[in-house]
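Hi there,

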Amino acid sequence: MSETCTDTALPADTAALKRLVTARHSCRAFKSAPVPRADIETMLGIAQQAASWCNSQPWQTIVTEGEATDRFRDALYSYAASNAWSDQANRPEAPDFAFPKQYVGIYKQRQRETGWALYESVGITYGDRAASGKQMLENFRLFGAPHVMIVTTEDDLGVYGAIDCGAYVAHVMLAAQSLGIATIAQAALAGCANFIRDWFDIPPHRRIVCGISFGYADPDHPANSFRTTRAAIGEVAHFVS
């Protein structure tokens, strides 16, 4: 499909999907108001339709509400702060799935552009490591979200279980967007896998993939004022005829 195709020329379902995908963004500041349980269940019910290898549906989730979110937030932030997670060069990452070895070339460029856009939006000057480290710790405050979802997969299913969970996470975020719920998928939480496993009493055979903080976006917060860019189709797709 041509990138120049206008929304009016698209089928209604395609246009609706495009609007949701385009509008979705990583929310980094939430209002405190909780999401009604019925809306959360609707979101999860839609996401449950995600495809998975052999229909294994490897995802299991823990979803916090109310005081459970606050207790977890406070404990997680205290843990991260006391373990120097603000030191972005030497933070003690211990994820169940290894984080990227490095970002090079276009991948490094995209990483930097996103980081600079965030820092600029909240008034952090280039090279201010103390301020950028403080901003990084906001991950462990869940950016003020009233809910967080911890996504896990079965150890025996290996990397493909994690891939299936990635599809599930995408479905969660699009379903949330359709309901007016803002989200942010957080690999940073997976870096504290052992703490989270102990806190929620997650069995050792369940591997932590990521967290998703969600709620209603604070549109006035500067951290929500920027958007990331996307590569053109020609940069990522090679057609063979």
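Below is what turned up on the nonpolar cores and the salt bridges. Please keep in mind that this is a predicted model.

Let me start with the cores. The largest nonpolar core has 27 residues, and the members that touch the most others are F72, L76, F140, I150, L189 and I196. At least two residues of this core come from each of α3 (66-82), α5 (129-137), β2 (147-154), β3 (182-186), α7 (187-190) and α8 (193-200). Beyond its neighbours within four places in sequence, L76 is in contact with F140, L142, L189, C192 and F195. Another core, of 23 residues, lies apart from the largest one, and its members include V35, I40, A47 and Y168.

Now to the charged pairs: the whole structure holds eight salt bridges. One of them joins the side chains of R37 and E65, at 2.7 Å from N to O. R37 sits in helix α2 (residues 37-47) and E65 in the loop between β1 (60-63) and α3, so this pair ties together parts 28 residues apart in sequence. R37 is partly exposed at 48% relative accessibility, and E65 is partly exposed at 28%. A network of salt bridges links R37, E41 and E65.

D96 and R197 form another salt bridge, with their closest N and O atoms 2.4 Å apart. This pair links distant parts of the chain, with D96 in the loop between α3 and α4 (105-121) and R197 in helix α8, 101 residues apart. Both D96 and R197 are buried.

Within helix α3, R73 and D70 are three residues apart, so about one helical turn separates them. Their salt bridge has its closest N and O atoms at 3.2 Å. R73 is buried at 14% relative accessibility, whereas D70 is partly exposed at 37%.

Best wishes

How values were computed. Residues numbered from 1 in each chain as written. Predicted model: local features only at pLDDT ≥ 70, side-chain atom pairs only at ≥ 80, totals over all residues. Heavy atoms only, no water. Core = buried A, V, L, I, M, F, W, Y, C linked by side-chain atoms within 4.5 Å. Buried < 20%, exposed > 50% of the residue type's maximum accessible area, 1.4 Å probe, protein only. Helix = DSSP H or I, 4+ residues; strand = E, 2+ residues; numbered from the N terminus. Contact = heavy atoms within 4.5 Å. Salt bridge = Lys/Arg side-chain N within 4 Å of Asp/Glu carboxyl O.
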